[in-house]
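Here is a short report on a sheet and a core. Please look at the sequence and the structure first.

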Amino acid sequence: MPKAAKKPVLSFKYSVNVEVRLPEFEPLDSLKWIDYDRLQKGRHKVAIGFVVGGCCRRLVKAVIRDGMVTGLEVERCKQSPPASSGIATILKEARRLMAQKTAIPKCGIPLLMVCSGKSFGD
Ligand SMILES: [Zn+2]
């Protein structure tokens, strides 16, 4: 039986009604072995888990600067075509509105908080 759809975290009207939902996130078991002290200085990219949904699981890497996660990189789905310019525009607007709504500080979020799942809507 399919899981009930999560409640949208954001909805807005563009040329169509748009609803944004948080994806399921599966943290890597290896997170418990991360050397947090080593990541307190400099820039790093560390695999932290997978987003699940659609046709596949996609690897997520945290972009880290001085122990703070300043971005996430999600592996591209190899089966889906690139977004059309219309969809790309809507995605850009969704990112802009989510950034306003969540008010994530420019310096980032502490890596430990991200790895504990506290910033994934749990
Ligand atoms: Zn896929």
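The largest nonpolar core holds nine residues: Leu 39, Ile 48, Val 60, Ala 62, Ile 64, Val 69, Leu 111, Val 114 and Cys 115. Two or more of these residues come from each of two elements, strand 5 (56–65) and helix 2 (111–115). The model is predicted. In general, nonpolar side chains of soluble globular proteins tend to be buried together.

Take Leu 39, a member of this core. Setting aside residues up to four places away in sequence, Leu 39 touches His 44, Ile 64, Gly 67 and Leu 111. Of these contacts, Ile 64 and Leu 111 are also on the core list.

Five strands form an open sheet in the order 3-4-5-6-7, and the pairing is antiparallel. Strand 3 (24–27) and strand 7 (109–110) are the edge strands, each pairing on one side only.

| Strand pair | Sense | Bridges |
|---|---|---|
| Strand 4 (residues 43–53) and strand 5 | antiparallel | ten bridges |
| Strand 5 and strand 6 (residues 68–74) | antiparallel | six bridges |
| Strand 6 and strand 7 | antiparallel | two bridges |

Ala 47 is partnered by Lys 61 in strand 5. Ile 64 is partnered by Val 69 in strand 6. Both Ile 64 and Val 69 belong to the core. Met 68 has Pro 110 of strand 7 as its bridge partner.

One turn deserves a look. Strand 5 and strand 6 form a hairpin with two residues between the strands. There, Asp 66 takes a positive phi near 50°.

Technical notes:
Residues are numbered from 1 along each chain as its sequence is written. This is a predicted model: local features need pLDDT of at least 70, side-chain atom pairs count only at pLDDT 80 or more; totals for chains, interfaces and linings use all residues. A nonpolar core is a set of buried Ala, Val, Leu, Ile, Met, Phe, Trp, Tyr and Cys residues joined through C-beta atoms within 7 Å. A residue is buried if 20 or more other C-beta atoms lie within 10 Å of its own, exposed if 12 or fewer, and partly exposed in between; C-beta atoms are placed from the backbone. Helices (H or I, at least four residues) and strands (E, at least two) are DSSP runs, numbered from the N terminus. Two residues are in contact if their C-beta atoms, placed from the backbone, lie within 7 Å. Two strands pair if DSSP finds at least two bridges between them.
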